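Please consult the sequence and the model shown below.

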Amino acid sequence: MLAESLEKICGVGPHTISVPRLREAEGVDMRQFPHIPTDEQFLRLIAVIRVATPYTGMIISTRETPETRKKELDLGISQVSAGSCTGIGGYHKEIGQPDTPDTAQFKVSDNRTPDEVLTWLCEDGYVPSYCTACYRQGRTGDRFMSLAKSGQIHNYCQPNALLTFKEYLIGYASDHLKEVGEKVIDKEVERIPNDKVKALTRERLGRLEAGASDLYF
């Protein structure tokens with residue numbers, strides 16, 4: 001109903017939908033919340049939202065366990081976090097407080113590093129993407145919606161995912177992730193349906209290898 005209302009009033013639907021469940025944190029008594037969805041109910045909610053808004057990005061956080069996140073991806077989750085530090089100053093080495101978990105916004109259930117999560121995604125058949133091209137190219141609002149709902153956004157998402165993932169592999173990946181990731185990129189380049197886009201993607205992948213950066217469609 002919210003998506004329908006946004007369409008009617010604003011002319012666009014939801015761009016992304018996040019589905020967090022309440023987790024333990026300082027000052028939170030979980031006994032006061034007896035109706036938190038079970039895993040089965042939560043997965044059903046995700047499936048229903050995906051069917052209702054097939055064009056929308058769906059986000060899951062490290063609140064969920066690796067096992068649950070795997071199931072959620074299968075049902076339509078398209079964005080996952082990794083290496084989350086939910087405490088005050090958690091990302092700052094000098095002022096981070098790893099020994100004081102009570103400062104956390106929520107208790108993290110997936111403690112894998114970004115490298116481990118990316119390896120997992122690759123091995124499960126997904127294509128990791130760090131793309132922000134639509135924001136930077138002005139493909140937002142009704143312009144984005146027309147591309148998303150028609151499926152044409154895939155013409156941008158697929159090559160941009162490969163380019164941004166390639167740049168991550170060059171700059172940050174472990175040797176194992178590089179090996180796994182390069183196989184994914186090689187495979188996915190061949191799946192680009194437009195020959196011109198495929199050729200341009202290959203050319204830009206080569207430029208990244210040669211030291212270029214920040215390439216996108």
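## Strand pairing

I60 stands opposite V80 in β3. The model is predicted, with local features requiring pLDDT of at least 70 and side-chain atom pairs pLDDT 80 or more, while totals for chains, interfaces and linings use all residues. Residues are numbered from 1 along each chain as its sequence is written, and side-chain values use heavy atoms, without hydrogens and water.

Strand β2 (residues 57–60) pairs with β3 in the parallel sense, over two bridges; pairing requires at least two bridges found by DSSP. Strands are DSSP runs of E with at least two residues, and helices are runs of H or I with at least four, both numbered from the N terminus.

The three strands form an open sheet in the order β1-β2-β3, with parallel pairing. Its edge strands, β1 (16–18) and β3 (79–80), each pair on one side only.

## Helix α2 and the sheet

Helix α2 lies across β1 and β2 and runs at about 160° to β2. Such angles run from 0 to 180 degrees between N-to-C directions, with axes fitted to C-alpha atoms, for helices over the stretch in contact.

## Packing of α2 and α3

The axes of α2 (residues 39–52) and α3 (residues 66–75) come within 9 Å and cross at roughly 25°. The two helices are therefore roughly parallel to each other (angles under 35 degrees).

On the α2 side, the contact (heavy atoms within 4.5 Å) is made by D39, F42, L43, I46, A47 and R50, and on the α3 side by T68, K71, E72 and L75.

Key: Parallel < 35°, antiparallel > 145°, perpendicular 65-115°, else oblique.
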